[in-house]
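Welcome! Have a look at the model below, then work through the exercises with us.

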Amino acid sequence: MKKWFGILVMGTALLFMLFNINKDTLENLEIINDKLEPSYEYGIIVDSFDVKKDIVKMGQTMGEILYLNHINHFEINKIVLKSKGIFDVRRVNTGKKYTVICSTDSTQRAQYFIYEIDATNYVVFDLRDKIDVYRGKRKVNIKLKTASGTINSSLWLTMEEQGLSPKLTAELSTIYAWTIDFFKIQKNDGFRLYYEDKYINGEYIGIGRILAAEFTHKGQNFYSFYYKENQNFVDYYDEIGNTLRKAFLMAPVDYKRISSRYSKRRKHPVTGRWKGHFGTDYAAERGTPIWSTANGTIIAASYTKNNGNYVKVKHNSTYTTQYLHMSKIKPGIRKGVYVKQGDIIGYVGSTGLATGPHVCYRFWKNNKQVDPFKQKLPAGDPIKIENRDAYMLVKDSLMKILMN
Ligand SMILES: [Zn+2]
């Protein structure tokens, strides 16, 4: 921009000196300058091309779209090979947006193909002389919003009535998962929120993060403030810097239902024998990722006839957890590997002695299998002492916004 402006100013001065031209000519010059400003799409100057935008039709492949735009099969094959490790071209899905940038000459050959993975991410296939494939990201603009409400019936209904996204409700209930039992919400409980709305080119694409929240439950206020302690670690903390998280997640999967709880005596669904069930069964879709519920070291990642594929994690001298019946253990998860809370360790399946896809989650305290729901679990780490002052400053400014 600056460069073009500089050229314009210098050029104008020069023309004035040489020809002493009148105002009309100057205006023309500005129009010419407008045209000099190139127009970009996905970082490509498209002025001299034909830009076609469409969506992938039912059953359509990338090869088919390229072929329609005068790329031959030999070239398509080369593109597929070049894409390896960058984007799997078989994952071009029906309904997704794409752009073909074609030459305007008689060949009308595609020069670029751009596939939009989602609202922010895209892949560029540069089809000129040498084929090149790379990923790109659109600039997301964030608008900060506040919202508040008093609950009459459920949190979901109240937030919906306010026109708030269900994703925001889900996010809020995740933040408070350990603090508030959302099944026991009462009339006159309430919330205040400060959060991000995301836009691309002025178009709303969804919510971002919740930056601050106040939840009032039974007349008590529970605060949460988003804070990044370091490059790799973000969490929500309360007004004095304690985390809202426990050292253990409530569940090792995003589950559909708990199909069997810990009990000292139950009839086994496969063997029919009466025996204690010392785990909690979480039914979930086959292939659903299974998380380690806390930081720890893998002490087993193996297979047995009853357990199927399973992983066992030792968290400290007191707690150990185990995850059974996996369809697959995640590659790289083996004895000795350190995992963090929420890291994927495997995928839901029904290997071993299991009737359907589920995770049998076992929880040991001092070498004894116990019911994790009956334990008073330790809290996650608070803000580190050296970050406390910085956190308090952030917290104070967020609190001010919340209370406005
Ligand atoms: Zn089980």
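A salt bridge here is a side-chain nitrogen of Lys or Arg within 4 Å of a carboxyl oxygen of Asp or Glu. The model is predicted, so local features need pLDDT of at least 70 and side-chain atom pairs count only at pLDDT 80 or more, while totals for chains, interfaces and linings use all residues. Residues are numbered from 1 along each chain as its sequence is written, and side-chain values use heavy atoms, leaving out hydrogens and water.

**Exercise 1.** Find what links K384 and E229, and state where each residue lies.

*Solution.*
- Step 1: their side chains form a salt bridge, with 3.8 Å from N to O.
- Step 2: K384 sits in the loop between β25 (368–370) and α7 (388–403), and E229 in strand β11 (residues 220–230), 155 residues apart. Strands (E, at least two residues) and helices (H or I, at least four) are DSSP runs, numbered from the N terminus.
- Step 3: E229 is buried at 11% relative accessibility, whereas K384 is partly exposed at 41%. Buried means under 20% relative accessible area, exposed over 50%, and partly exposed in between (1.4 Å probe, protein chains only).

**Exercise 2.** Work out which parts the salt bridge of D197 and K145 ties together.

*Solution.*
- Step 1: the two side chains meet at 2.6 Å, N to O.
- Step 2: D197 belongs to strand β9 (residues 190–200) and K145 to strand β8 (residues 141–150), so the pair joins parts 52 residues apart in sequence.
- Step 3: D197 is buried, with a relative accessible area of 5%, and K145 is partly exposed at 30%.
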